[in-house]
Amino acid sequence: MGEQYLGGKMSIRHGLVDRKQAILDAVSGQNVLHLGCADAPLQVMRAATGTLLHSHIRRVARNVVGIDLDPEGVRYLREELGFGEVVRGDVTRLDDLGFTETFDAIVAGELLEHLPNPGLCLASCRSVLRKEGQLIVSVPNAFSAKAFARACLGREIVHPDHVAYYSALTLTRLLEQHEFRIERMHYYASIPDGTFKRAIEGVLMAPLRSLAPQVSEGLVVFAAPHR
(Lines give C-alpha, C1' and ligand atoms only; values in the text may rest on other atoms or scores of the structure.)
Protein backbone atom coordinates (compact mmCIF):
# COMPACT_ATOMS: atom_id res chain seq x y z
CA MET A 1 0.00 0.00 0.00
CA GLY A 2 1.26 3.52 -0.69
CA GLU A 3 -0.24 6.96 -0.71
CA GLN A 4 -2.48 9.18 -2.78
CA TYR A 5 -3.03 12.72 -1.59
CA LEU A 6 -5.83 15.24 -1.81
CA GLY A 7 -5.67 18.27 0.45
CA GLY A 8 -2.98 16.61 2.54
CA LYS A 9 -5.07 13.50 3.31
CA MET A 10 -3.76 10.01 2.64
CA SER A 11 -5.50 6.98 1.20
CA ILE A 12 -3.38 3.83 1.31
CA ARG A 13 -2.80 2.26 -2.10
CA HIS A 14 0.35 0.09 -2.06
CA GLY A 15 1.85 -2.23 0.55
CA LEU A 16 5.22 -3.13 1.93
CA VAL A 17 8.02 -4.10 -0.42
CA ASP A 18 11.55 -5.37 -0.16
CA ARG A 19 13.41 -2.13 -0.93
CA LYS A 20 16.42 -3.74 -2.57
CA GLN A 21 14.40 -6.14 -4.70
CA ALA A 22 11.95 -3.44 -5.79
CA ILE A 23 14.84 -1.28 -6.97
CA LEU A 24 16.61 -4.15 -8.72
CA ASP A 25 13.44 -5.21 -10.53
CA ALA A 26 13.01 -1.66 -11.81
CA VAL A 27 16.60 -1.23 -13.09
CA SER A 28 17.20 -4.71 -14.52
CA GLY A 29 18.59 -4.39 -18.05
CA GLN A 30 18.61 -0.59 -17.88
CA ASN A 31 21.25 2.11 -18.30
CA VAL A 32 21.45 3.35 -14.70
CA LEU A 33 22.89 6.32 -12.85
CA HIS A 34 23.31 5.55 -9.14
CA LEU A 35 23.61 8.62 -6.92
CA GLY A 36 25.32 8.36 -3.54
CA CYS A 37 26.59 4.92 -4.54
CA ALA A 38 29.32 4.61 -1.86
CA ASP A 39 26.94 4.97 1.11
CA ALA A 40 29.85 6.64 2.96
CA PRO A 41 30.98 6.35 5.69
CA LEU A 42 29.44 2.86 5.82
CA GLN A 43 30.99 1.51 2.61
CA VAL A 44 33.31 -1.02 4.27
CA MET A 45 30.56 -2.46 6.46
CA ARG A 46 28.11 -2.56 3.55
CA ALA A 47 30.57 -4.41 1.35
CA ALA A 48 31.45 -6.89 4.10
CA THR A 49 27.80 -7.69 4.86
CA GLY A 50 26.64 -7.82 1.25
CA THR A 51 24.33 -4.83 1.71
CA LEU A 52 26.05 -2.35 -0.63
CA LEU A 53 23.26 -1.52 -3.07
CA HIS A 54 25.65 -0.57 -5.86
CA SER A 55 27.07 -4.11 -5.91
CA HIS A 56 23.60 -5.49 -6.56
CA ILE A 57 22.66 -2.88 -9.16
CA ARG A 58 25.76 -3.53 -11.26
CA ARG A 59 24.84 -7.24 -11.43
CA VAL A 60 21.43 -6.64 -13.02
CA ALA A 61 21.81 -3.36 -14.94
CA ARG A 62 22.83 -3.26 -18.59
CA ASN A 63 25.19 -0.43 -17.68
CA VAL A 64 25.70 1.60 -14.50
CA VAL A 65 27.58 4.71 -13.47
CA GLY A 66 28.00 5.46 -9.76
CA ILE A 67 28.36 8.98 -8.40
CA ASP A 68 29.46 9.98 -4.91
CA LEU A 69 31.03 13.10 -3.44
CA ASP A 70 32.90 11.34 -0.63
CA PRO A 71 36.53 10.84 -1.77
CA GLU A 72 37.25 7.90 0.54
CA GLY A 73 34.03 6.17 -0.44
CA VAL A 74 34.84 6.53 -4.13
CA ARG A 75 38.41 5.37 -3.58
CA TYR A 76 37.24 2.29 -1.68
CA LEU A 77 34.74 1.25 -4.36
CA ARG A 78 37.25 1.82 -7.14
CA GLU A 79 40.45 0.47 -5.59
CA GLU A 80 39.27 -2.09 -3.05
CA LEU A 81 36.20 -3.42 -4.85
CA GLY A 82 37.34 -2.80 -8.43
CA PHE A 83 34.29 -0.76 -9.46
CA GLY A 84 35.77 1.26 -12.30
CA GLU A 85 32.40 2.83 -13.17
CA VAL A 86 32.34 4.90 -9.95
CA VAL A 87 33.32 8.57 -10.18
CA ARG A 88 33.48 11.44 -7.73
CA GLY A 89 30.93 14.12 -8.41
CA ASP A 90 28.31 16.47 -6.99
CA VAL A 91 24.77 15.11 -7.37
CA THR A 92 23.46 18.68 -7.61
CA ARG A 93 25.70 19.38 -10.63
CA LEU A 94 25.41 16.30 -12.84
CA ASP A 95 25.79 18.39 -16.01
CA ASP A 96 29.39 19.06 -14.99
CA LEU A 97 30.26 15.37 -15.37
CA GLY A 98 30.04 15.47 -19.15
CA PHE A 99 27.62 12.62 -19.82
CA THR A 100 27.14 12.05 -23.54
CA GLU A 101 23.84 10.19 -23.19
CA THR A 102 20.84 10.18 -20.89
CA PHE A 103 19.93 7.39 -18.49
CA ASP A 104 16.95 5.03 -18.39
CA ALA A 105 16.84 5.13 -14.59
CA ILE A 106 18.35 7.18 -11.79
CA VAL A 107 18.56 5.67 -8.31
CA ALA A 108 18.82 7.99 -5.32
CA GLY A 109 18.71 5.55 -2.41
CA GLU A 110 18.81 7.12 1.05
CA LEU A 111 20.26 10.31 -0.41
CA LEU A 112 17.83 13.24 -0.26
CA GLU A 113 17.89 13.36 3.55
CA HIS A 114 21.65 14.13 3.33
CA LEU A 115 21.21 17.19 1.08
CA PRO A 116 20.68 20.75 2.35
CA ASN A 117 19.06 21.61 -1.01
CA PRO A 118 17.50 18.44 -2.49
CA GLY A 119 15.72 20.48 -5.16
CA LEU A 120 19.05 21.15 -6.89
CA CYS A 121 19.62 17.40 -7.08
CA LEU A 122 16.18 16.73 -8.56
CA ALA A 123 16.61 19.48 -11.15
CA SER A 124 20.00 18.05 -12.02
CA CYS A 125 18.48 14.58 -12.41
CA ARG A 126 16.01 15.85 -15.00
CA SER A 127 18.86 17.05 -17.18
CA VAL A 128 20.38 13.55 -17.53
CA LEU A 129 17.24 11.35 -17.39
CA ARG A 130 15.45 10.17 -20.53
CA LYS A 131 12.00 11.67 -21.08
CA GLU A 132 10.57 8.17 -20.65
CA GLY A 133 12.97 7.38 -17.80
CA GLN A 134 12.34 6.68 -14.13
CA LEU A 135 13.63 8.26 -10.94
CA ILE A 136 13.76 5.91 -7.94
CA VAL A 137 14.04 7.55 -4.53
CA SER A 138 14.14 5.97 -1.10
CA VAL A 139 14.26 7.78 2.23
CA PRO A 140 13.79 7.00 5.92
CA ASN A 141 10.19 7.51 7.01
CA ALA A 142 9.64 10.44 9.39
CA PHE A 143 6.72 8.58 10.99
CA SER A 144 8.36 5.22 11.60
CA ALA A 145 7.34 3.48 14.82
CA LYS A 146 10.98 2.94 15.77
CA ALA A 147 11.80 6.64 15.47
CA PHE A 148 8.70 7.55 17.50
CA ALA A 149 9.56 5.06 20.25
CA ARG A 150 13.09 6.42 20.50
CA ALA A 151 11.79 9.99 20.64
CA CYS A 152 9.52 9.04 23.53
CA LEU A 153 12.63 7.82 25.35
CA GLY A 154 14.44 11.08 24.63
CA ARG A 155 16.72 9.55 21.98
CA GLU A 156 17.26 10.28 18.31
CA ILE A 157 19.39 7.90 16.30
CA VAL A 158 20.21 9.11 12.79
CA HIS A 159 23.01 8.92 10.27
CA PRO A 160 25.64 11.60 11.09
CA ASP A 161 25.04 13.34 7.74
CA HIS A 162 21.22 13.53 7.81
CA VAL A 163 19.72 17.02 7.75
CA ALA A 164 16.03 16.25 7.10
CA TYR A 165 13.17 13.79 7.58
CA TYR A 166 10.56 12.99 4.91
CA SER A 167 7.01 11.71 5.10
CA ALA A 168 4.98 10.31 2.23
CA LEU A 169 3.31 13.69 1.77
CA THR A 170 6.40 15.90 1.95
CA LEU A 171 8.36 13.62 -0.40
CA THR A 172 5.50 13.68 -2.90
CA ARG A 173 5.33 17.46 -2.76
CA LEU A 174 9.09 17.81 -3.18
CA LEU A 175 9.07 15.63 -6.30
CA GLU A 176 6.02 17.30 -7.79
CA GLN A 177 7.48 20.77 -7.24
CA HIS A 178 10.45 19.68 -9.33
CA GLU A 179 8.37 18.28 -12.18
CA PHE A 180 8.25 14.59 -11.33
CA ARG A 181 4.98 12.67 -11.11
CA ILE A 182 4.62 9.76 -8.71
CA GLU A 183 3.93 6.46 -10.43
CA ARG A 184 3.91 4.39 -7.25
CA MET A 185 5.03 4.63 -3.65
CA HIS A 186 5.70 1.88 -1.13
CA TYR A 187 6.86 1.45 2.43
CA TYR A 188 9.73 -0.84 3.33
CA ALA A 189 11.04 -2.40 6.52
CA SER A 190 14.57 -2.49 7.92
CA ILE A 191 15.32 -5.85 9.53
CA PRO A 192 17.67 -5.43 12.53
CA ASP A 193 20.77 -7.43 13.39
CA GLY A 194 20.99 -9.44 16.59
CA THR A 195 18.85 -12.21 18.06
CA PHE A 196 17.00 -10.04 20.60
CA LYS A 197 16.19 -7.28 18.10
CA ARG A 198 15.01 -9.84 15.56
CA ALA A 199 12.74 -11.38 18.20
CA ILE A 200 11.18 -7.98 18.88
CA GLU A 201 10.86 -7.50 15.14
CA GLY A 202 8.93 -10.74 14.72
CA VAL A 203 6.69 -10.34 17.76
CA LEU A 204 5.92 -6.62 17.62
CA MET A 205 7.07 -4.72 14.56
CA ALA A 206 6.08 -7.11 11.76
CA PRO A 207 2.45 -7.41 12.93
CA LEU A 208 2.29 -3.64 13.48
CA ARG A 209 3.55 -2.92 9.95
CA SER A 210 1.08 -5.38 8.45
CA LEU A 211 -1.75 -3.39 10.02
CA ALA A 212 -0.25 0.07 9.47
CA PRO A 213 2.48 0.22 6.78
CA GLN A 214 2.70 3.98 7.42
CA VAL A 215 4.84 3.31 10.51
CA SER A 216 7.48 1.37 8.55
CA GLU A 217 11.11 2.48 8.49
CA GLY A 218 11.29 3.84 4.98
CA LEU A 219 9.64 4.96 1.75
CA VAL A 220 10.55 4.09 -1.82
CA VAL A 221 9.07 6.09 -4.70
CA PHE A 222 9.08 5.47 -8.44
CA ALA A 223 8.56 8.70 -10.38
CA ALA A 224 8.65 9.89 -13.97
CA PRO A 225 9.48 13.36 -15.32
CA HIS A 226 6.57 15.50 -16.45
CA ARG A 227 6.70 15.83 -20.22
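This tour moves through a predicted model from its sheet to its helices, then to its rings and loops.

Residues are numbered from 1 along each chain as its sequence is written. Because the model is predicted, local features need pLDDT of at least 70 and side-chain atom pairs count only at pLDDT 80 or more, while totals for chains, interfaces and linings use all residues, and side-chain values use heavy atoms, with hydrogens and water left out.

**The sheet**

Begin by selecting the strands, which are DSSP runs of E with at least two residues, just as helices are runs of H or I with at least four residues, both numbered from the N terminus. Eight strands are to be found here, in an open sheet of 8 strands with mixed pairing and the order β3-β9-β10-β8-β7-β4-β5-β6. At its edges stand β3 (16-17) and β6, each with a single partner strand, so one side of each has no neighbour in the sheet; two strands are said to pair if DSSP finds at least two bridges between them.

Next select β8 (residues 129-140) together with β10 (residues 218-225), which pair in the antiparallel sense over 6 bridges. Within this pairing, V139 has L219 of β10 as its bridge partner.

**Helices on the sheet**

Contact here means heavy atoms within 4.5 Å, and the axes are lines fitted to C-alpha atoms, for helices over the stretch in contact, with angles running from 0 to 180 degrees between N-to-C directions.

Helix α7 (residues 168-177) comes next; α7 lies across β8, β9 and β10, running at about 155° to β9. Its buried residues are A168, L169, L171, T172, L174 and L175, where buried means under 20% relative accessible area, exposed over 50% and partly exposed in between, for a 1.4 Å probe and protein chains only.

**Rings**

Select F99, in the loop between β6 (86-88) and β7 (103-109), and then F103. A search of the whole structure finds 1 aromatic pair, and the ring centres of F99 and F103 are 5.1 Å apart with planes at 90°, so this pair is edge-to-face. Rings of Phe, Tyr and Trp (its six-membered ring) pair if their centres lie within 6.5 Å, and planes under 30 degrees apart count as stacked, over 60 as edge-to-face and the rest as tilted. F99 is partly exposed at 26% relative accessibility, whereas F103 is buried at 3%.

Leaving aside neighbours within four places in sequence, F99 is in contact with L33, V65, I67, L94 and V128. F99 and V128 are 29 residues apart in sequence, yet 7.6 Å apart in space, C-alpha to C-alpha.

Two arginines can then be shown with their rings: the charged end of R19 sits over the ring of Y188, 5.8 Å from its centre, and that of R126 sits over the ring of F180, 5.7 Å from its centre. A charge sits over a ring if NZ of Lys or CZ of Arg is within 6 Å of the ring centre and within 35 degrees of the ring normal.

**Backbone in the loops**

Most residues other than glycine have a negative phi, and most peptide bonds are trans. In the loop between β4 and α2, select D39, whose phi is near 55°, a positive value in a residue other than glycine. The peptide bond from A40 to P41 is cis, with omega near 5°.

Finish at E179, in the loop between α7 and β9 (180-188); E179 is not a glycine but has a positive phi of about 65°, and at 44% relative accessibility E179 counts as partly exposed.
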